[in-house]
Amino acid sequence: MAFSINDNMLLAGVMIISALVATCSANFNQDFDVTWGDHRAKIFNNGQLLSLSLDRTSGSGFQSKREYLFGRIDMQLKLVAGNSAGTVTAYYLSSQGPTHDEIDFEFLGNVSGDPYILHTNVFSQGKGNREQQFYLWFDPTKNFHTYSIIWKPQHIIFLVDNILIRLFKNAESVGVPFPKNQPMRIYSSLWNADDWATRGGLVKTDWSKAPFTAYYRNFKATELSSNSFSDSTLQSNELDAYGRRRLRWVQKYFMIYNYCNDLKRFPQGIPVECKRSRF
């Protein structure tokens, strides 16, 4: 376990944060358990690379040995190549139980040549229904790309290659539950969801292309004490002017679904958190 200081904080002279921030680069053998799928989940390269596979019999999955409460989670993924229609690669944080909290990345496969859909969601006290979906601006099957979650008491941020794609603010002041009390484990799985994943279930999994395989590397967890979240810390990095411009760029050109704009789904009015300022 090593201690690190954010560069912006260092430049600002906020040295005390070093005692509150701990960064851990993981070894998959030491930090994760394969939870299902038998031989379909494999760890290579002395714990530095992990793969999940799906065939007609079963998918596979893993979870972190420990739980986290606030911080930043980074993972590099290379998704199922070729015809991935019907498959879902999920990478998320979750607690357990009927009132669980959850922060989701899900990658919905597609036929060859068509883009993946990146599906995001936030659950608090067992309630989700806060979906935003995006196309990616690159082919996520050709190389590894970094998918990150920053979880603070004030907000949740989703990043792709360190580009802000979604900001979910704490709206407890207007009665919206927010994940802040339940520690969560990291989970990932590759599974068949051809009843809904691709074009609403119209395109089924082509099992002649099995096994389908996704790869993981360079996991990193940066834990932050809730006591370390000053207002200056919150605004100094991911929510600076450049980050906000990138967020607007992603939402304008790559967002394909936003629950806040789905008037048919919410005929009685959009959820209250949608009425608040995005920034």
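**The annotated site and its setting**

A: The model is a predicted one. Glu-106 is one of two positions, the other being Glu-102, that UniProt lists under the feature "active site", in an unreviewed entry. The annotation may be inferred rather than shown by experiment.

Glu-106 is part of strand β9. Setting aside residues within four places in sequence, its contacts are Val-88, Thr-89 and Ala-90, then Ile-117, Leu-118 and His-119, and finally Trp-191 and Trp-196.

Glu-102 also belongs to strand β9, which covers residues 102-108. With a relative accessibility of 13%, Glu-102 is classed as buried, since that value is under 20%. Beyond the residues up to four places away in sequence, Glu-102 touches Tyr-92, Leu-93 and Ser-94, as well as Asn-121, Val-122, Phe-123 and Met-184. The side chain of Glu-102 also makes a polar contact of 2.9 Å with the side chain of His-100.

The largest nonpolar core contains 52 residues. Those with the most contacts inside this core are Met-75, Phe-105, Tyr-147, Trp-151, Ile-156, Tyr-216 and Phe-219. The element that gives the most to this core is strand β16, residues 212-224, which supplies 5 residues.

The structure has 1 disulfide. This disulfide runs between Cys-260 and Cys-274, with an S to S distance of 2.0 Å. Both Cys-260 and Cys-274 lie in the segment after β17 (255-258), so the bond ties together parts that are 14 residues apart in sequence. The torsion about the S-S bond of Cys-260 and Cys-274 is about -75°, and the disulfide is therefore left-handed. Cys-260 and Cys-274 are both buried.

To return to the request: the two annotated residues, Glu-102 and Glu-106, come from the UniProt record.

Notes. Residues are numbered from 1 along each chain as its sequence is written. This is a predicted model: local features need pLDDT of at least 70, side-chain atom pairs count only at pLDDT 80 or more; totals for chains, interfaces and linings use all residues. Side-chain values use heavy atoms; hydrogens and water are left out. A nonpolar core is a set of buried Ala, Val, Leu, Ile, Met, Phe, Trp, Tyr and Cys residues joined through side-chain atoms within 4.5 Å. Buried means under 20% relative accessible area, exposed over 50%, partly exposed in between (1.4 Å probe, protein chains only). Helices (H or I, at least four residues) and strands (E, at least two) are DSSP runs, numbered from the N terminus. Contact means heavy atoms within 4.5 Å. A polar contact is a pair of N or O atoms within 3.5 Å; within protein, one must be able to donate a hydrogen and the other to accept it, and residues adjacent in sequence count only if both atoms are side-chain atoms. A disulfide is a pair of cysteine sulfur atoms within 2.5 Å.
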